[in-house]
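Subject: Structure handover

Hello,

Please find the structure below. My notes on it follow.

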Amino acid sequence: MVDGEMFLEVDLLKAEKKAMRDGYGEGLVEAGRRNPNVVALVADLMESTRTDLFRKEFPQRFFEMGISEQNMMGVAAGMAVSGKVPFVNSFACFSPGRNWEQLRISVCLSGNNVKVIGGHAGVGNGTDGGNQQMYEDIALARVLPNLTVVVPADYEQAKKMTLAIADFRGPVYMRMTKPPRAVVTTVGTPLTIGRAQVFREGKDVTVIACGAMVYEALLAAEELAPEVDVEVINVHTIKPLDKETIVRSVTKTKKVVVAEEHSIIGGLAGAVAELFAEERPTKMRRVGMRDRFGESGEPEELLTHFGMTKKEIIEKIKELI
Amino acid sequence: MLPVSFDVLSEKANQLRQEVVKMLVNAGTGHSAGPLGSADFWTLLYFGGLINYRPDEPWWEDRDRVVLSAGHYCPILYAVLAEAGFFPKAELSSLRQLGSRLQGHPIARMLPGVETTSGPLGQGISQAVGMALSAKLDNKKWRVVCFMGDGEQDEGQVWEAYLCAAKYALSNLTVVIDRNNIQIDGHTEEVMPLGSIGGKLLAFDFNVIEVDGHNFSDIAEAMGRAKVTFEKPTAIILWTIPGKGVEFMENEPAWHGKTPKIGEAVEALSELKKIRTLGGRISNG
C-alpha cells in the first residue's frame, strides 16, 4: 500500500508529466534568491539545462563557459574556494563524462563545494544517438570519495533536491533525465539527502529504484497487487546509501529487484549489491542497460527497446517469486 | 622600493635551493629541475614584496592567491612557505612521507598557504580563473598569481582556461609560465613543440611579457606591469635554466623527474654554497 506520509499522487495513471530539468531550473532560481553566493556555469547548453531562467534573474552570477567542460569544472572549484556555491551545468555525457578528472581532483579531493548537474542522462538525448546518451555517470560519480550522488525521481523532487543541495556543504552530483515524465511526488513529499523513501509498503518483494524508474516500479506494484505485495523504495541518494532502510526492507521481503535508467554495472544496482554482499545476501535481479551503448530513437521507444519499463520490472519480480 | 635588495634575495634563493636538494634526497623521489630553476622567481614572489600574505593568518580573506598549477614544483613552494613562516621548517624533511602534510603533489589547504590541489596538469589555471572571476564579482582587490610549467601547456584544458580568462578580461590574474624547455620525456620542442608560447598567448588576447627568469629586476618589473594592466590578463613567460645552480643538472631533461643520490646531493649542495651571477661563478668561501 502507498505510504500516506509520502503524500504521493493518488492516481498514478493520471499523474501529470513534467520534465525534471524544469523543476531544476525553477529550483535554481529560488536557490539564487535565498543565497547570493549561488552562481551558475554552463557549457553552451543554457536552454537545454534550463539555466536560462537563472541567467534572466541573475545575469551577473551566470557564467557562459563555452564548450569547455574541463575548464568549467575547474573554474567552479576556484569559485567555491572563494566562497561561491557554483552549479556546473551540462549533459551527463560531458559532465562528468568528459571532465571526470577535474571533478576528481579540483572538486572532490579538494573538498570544494561544487554542485555538478548532469542533464539528459539515460535515454534523455534519444535521437541524438548512443554517444550522447549516458548510462555510466552514476558509476563514475559514485566511486569518488567526498562526492554525494543524488538522483531525483521527478520534476517536483528535482526542484526540492536543488534547494537541498544548495544548502548542503560539499561536492554533489545530481543526475536528471530529459523528457517529461510522470510526477509522482507532491509539494508535501518530504526530502532529506541520504534518506531513502519507502513509497509503497509490501511484504513479498522489494523494488529499489531511482529517477524516473521509480514511477515504473510503482506501476508494476499496482499491476501485481494484490497477488504480489510489492514494496517500492525511492533511493534518491545513491551515495551515501541509506543502508538501514534498504536492509530493513529486504529482511522482510528477502527478494529484490533494482531498477534504474543506467547501466546494470556500477550504478544503483552495484551499490545495493555491494551492501547485500556484506550485510545480507539477497536474491536480486537488475533492470537497466545491459552493458551496451545506446542508439538513436525516441526516448520512450528506447526505454521499451532496451527494457527499462514496468514490464521488465514485473518479469524480474516473477522470476523471484 | 622593494623591501630587500636583489643581492640578498639571490642569496636566499640559493639557500632555498639547498633546502630543496635536502628535501629531495631525503624523500628519494620527486622533481629536481623545475624547483631549482624557478627558485629565483619564488623567492622574489614571497620576499620581494610582490604579493600580500600573512603567514600567521594563512587564509586571510584579502590575501593574494598563489596557485601552483604545476604541482610537481611543490618542493620549492614548500621551502618558500616554511621560510616565510607558514609552518615550521623542521617539517620540510617529511616531504612525501606517510602522514606528512607535505604531499608529493600539493593538496588544497592541507598545509597553510597551499591554495589548490595540483598534480594533474592544467587544473590549477582553471581554478585560478575561478578565483579571479570571484574577486571581480565581489569587487575585491586581491590578485591571483598562477604558476605553470611549459610542458603543462600541452594540456588542452589550459587553452580553454585562457579563452575564459580573456573573455572576462581578468586583469587581476597573472599567469607565470616557467619556460625551461624540458619535460619528463625530453625537450619540450621534441616531445610536443610549443613554439612561441608568448605568441600564442598574444593571440589569446593576453598581455604578454617575456623575461629572464633569473633576473630579479626584470621579473619584478614584469609583475608590476601586470598590476597596472587593466584591460586583460597578463602572462609572464619566465625563461629559466632547469636545475639552475647545480651544473650537472642544468638543462638536462633527465633531471626533470628524478632526485639526487647522496653523493650527487653533496656535490649539489657544495655548488649551491657559491653565489652565482649571470657573469659566472663567484666563490663566497
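**Chain A: overall**

Of the 321 residues in chain A, 59% are buried (20 or more other C-beta atoms within 10 Å of the residue's own, C-beta atoms being placed from the backbone; exposed is 12 or fewer, partly exposed in between). This is a predicted model, in which local features need pLDDT of at least 70 and side-chain atom pairs count only at pLDDT 80 or more, while totals for chains, interfaces and linings use all residues. Residues are numbered from 1 along each chain as its sequence is written, and chains are lettered from A and ligands numbered from 1 in the order in which they are written.

The C-alpha trace spans about 55 × 40 × 35 Å along its principal axes. Chain A has 11 helices and 14 strands (DSSP runs numbered from the N terminus: H or I of at least four residues, E of at least two).

Seven strands of chain A form an open sheet with mixed pairing, in the order 3-2-4-5-7-6-12 (two strands pair if DSSP finds at least two bridges between them). Strand 3 (62-64) and strand 12 (237-239) of chain A are at the edges with a single partner strand each, so one side of each has no neighbour in the sheet. Within chain A, strand 4 (residues 85-91) and strand 5 (residues 115-119) pair in the parallel sense over five bridges; A:N89 has A:I117 in strand 5 as its bridge partner.

Strand 13 (residues 255-263) and strand 14 of chain A are also parallel, with six bridges, and A:V256 is bridged to A:M284 in strand 14. In strand 14 (residues 283-289) of chain A, five of the seven residues are buried.

**Contact with chain B**

The contact takes 23 residues from chain A and 22 residues from chain B (C-beta atoms, placed from the backbone, within 7 Å). On the chain A side, helix 3 (69-81) and helix 4 (100-109) are the elements that give two or more residues. Helix 3 of chain A has the largest share, nine residues.

Regards

Key
Contact = placed C-beta atoms within 7 Å.
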